[in-house]
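I set down what I looked up, entry by entry.

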Amino acid sequence: MKVTVFGSGYVGLVTGACLAEVGNDVVCMDIDPGKIDLLNGGGVPIHEPGLDVLIKRNRAAGRLRFTTDLDLAVAHGLFQFVAVGTPPDEDGSADLQYVLAVARGIAERITDYRIVVNKSTVPVGTADTVRGAIQAVLAGRQAAVEFDVVSNPEFLKEGAAIEDFMKPDRIVVGTDNPRTTELLRALYAPFNRNHDRLVCMDIRSAELTKYAANAMLATKISFMNELANLAECLGADIEKVRVGIGSDPRIGYHFIYPGCGYGGSCFPKDVKALERTARDVGYAAQLLRAVEDVNERQKLKLYEKVEGYFKGDLGGKTFALWGLAFKPNTDDMREASSRVLMEALWAAGAGVRAFDPVAMAEAGRLYGERADLVLCESPEAALRGADALIIVTEWNMFRSPDFDLIKASLSHPVIFDGRNLYDPVRVKALGLDYYAIGRGDSL
Ligand code: NAD
């Protein structure tokens, strides 16, 4: 089948590459010429495990092309996937300008039937807005062209995106036209063989499903962080509590890890956008507000511990920082806890020696050259000349470090662990001070 994907970011590239991998003829269109040049030159603009191999294979087979040419993009696919960004507006609502720009671009060019499939995370009612925008342009053109608008939210996780797309837990399709449901069922058939994963519903419910999923996951994290903070006050160990509650199948072990806050391009913006949507319809979504508040406070938790340990005297101190990405296996630093921490340390006059296995280039792009940030080539190099170690991202390579080397390298033998990677008893027995999240030591 012929497929066009608008937006060559995390979602668009994975969608395009995976649909090409099963034999479809895919054109990926992006307005960023730098990105498209890089892709056409054999590069990949993001770090996503397995994506480079998939892109290379399908480009070579002629099933995957990259372009900035909107005419080509609209002429190509029966399916016109929209996978552009929906960043938060100043008031927290999702900014739909990129989605609507794509919709208008399609409307200005279509000459025969197209299915506009929205993969971007968008507020309930956006499909109606998109349909209205296309109809208005068609009316201006005095063109009577048939089209459908479908909501097909994406649930992939950065870092495991290919696996998630190839073997989805569910494929949500929101449509008001049974014919489009069947066309999408055919497109997704290669990913839907083991059992039927297509969950079909009306468009508004599909749009809300994506927000509901992210808000639920964010709620689990903020709940555990709230409990972790309480555990510190009470002298309890949240990791023991986590195992204790996770054993109840109604709760489960998944996604109940306490830490230094959630980040990324989805949870923060989607919780805010849903809360904003609720407000717009006159409903005060108290729980969503609290989830967001707890998270914002949690992102400062490590800084507060560091400040407490050094009794507020951070000027001129240097901190080794392990992990910059908002989570492992991605180079994405959007809304990352590392950024809140670094910016607070800098404001207090401290310097940072940072290491991340894949997000170094992104950190350089975000912060440029500055005297109080040194991007180091290894975790060990980050320790050199540092006063203390702070861990922000739970990369596997940080899980079993050389504690003797850490102790010998730091002027103060102390680790602040935002992801509870180590056994406090063991680390302390090695002669290091150790402060984690919710493990009894209140600072
Ligand atoms: P991204 O920022 O990585 O990529 C968006 C791309 O769209 C950029 O390359 C940008 O240049 C391009 N773009 C902007 N306007 C365009 C236009 N008019 N035509 C063509 N391309 C255009 O974004 P992302 O992380 O891939 O997210 C895209 C959407 O998917 C968002 O709504 C997001 O909430 C949602 N989503 C993201 C994830 C994730 O893990 N990143 C998961 C599920 C859903």
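**Entry 1: a helix across strands**

I began with helix H14 (residues 337-347), which lies across strand S9 (318-322), strand S10 (351-355) and S12. H14 runs at about 175° to S9. Helices (H or I, at least four residues) and strands (E, at least two) are DSSP runs, numbered from the N terminus. Axes are lines fitted to C-alpha atoms, for helices over the stretch in contact, and angles run from 0 to 180 degrees between N-to-C directions. Two residues are in contact if their C-beta atoms, placed from the backbone, lie within 7 Å.

I note that this is a predicted model, in which local features need pLDDT of at least 70 and side-chain atom pairs count only at pLDDT 80 or more, while totals for chains, interfaces and linings use all residues. Residues are numbered from 1 along each chain as its sequence is written.

**Entry 2: the sheet**

I looked up the strand order of the open sheet of six strands and found S11-S10-S9-S12-S13-S14, with parallel pairing. Strand S11 (373-375) and strand S14 (433-435) are the edge strands, each pairing on one side only. From one strand to the next, the twist averages 20°. Two strands pair if DSSP finds at least two bridges between them; strand S12 (residues 388-391) and strand S13 (residues 414-417) have three, in the parallel sense. In this pair, Ile391 stands opposite Asp417 in S13. I also recorded helix H13 (residues 301-309), which packs on the sheet and touches S12, S13 and S14. The direction of H13 makes about 160° with that of S13.

**Entry 3: the ligand**

Which residues are closest to the ligand? I found Gly7, Gly9, Val11, Ser120 and Thr121, out of 27 residues that surround the ligand (near means a C-beta atom, placed from the backbone, within 6 Å). Helix H1 (10-21) and helix H5 (97-109) each supply at least two residues of this shell. By class, the shell has 12 nonpolar, nine polar and six charged residues. Ala, Val, Leu, Ile, Met, Phe, Trp, Tyr, Cys and Pro count as nonpolar, Asp, Glu, Lys and Arg as charged, and the others, Gly among them, as polar.

**Entry 4: the two domains**

The domain assignment, automatic or from a database, gives domain 1 (2-201) and domain 2 (202-443). Their C-alpha centres lie 32 Å apart. I noted that 28 residues of domain 1 are in contact with 26 residues of domain 2. On the side of domain 1 that touches domain 2, helix H6 (126-141) and strand S7 (171-174) give two or more residues. The largest share, three residues, comes from S7.
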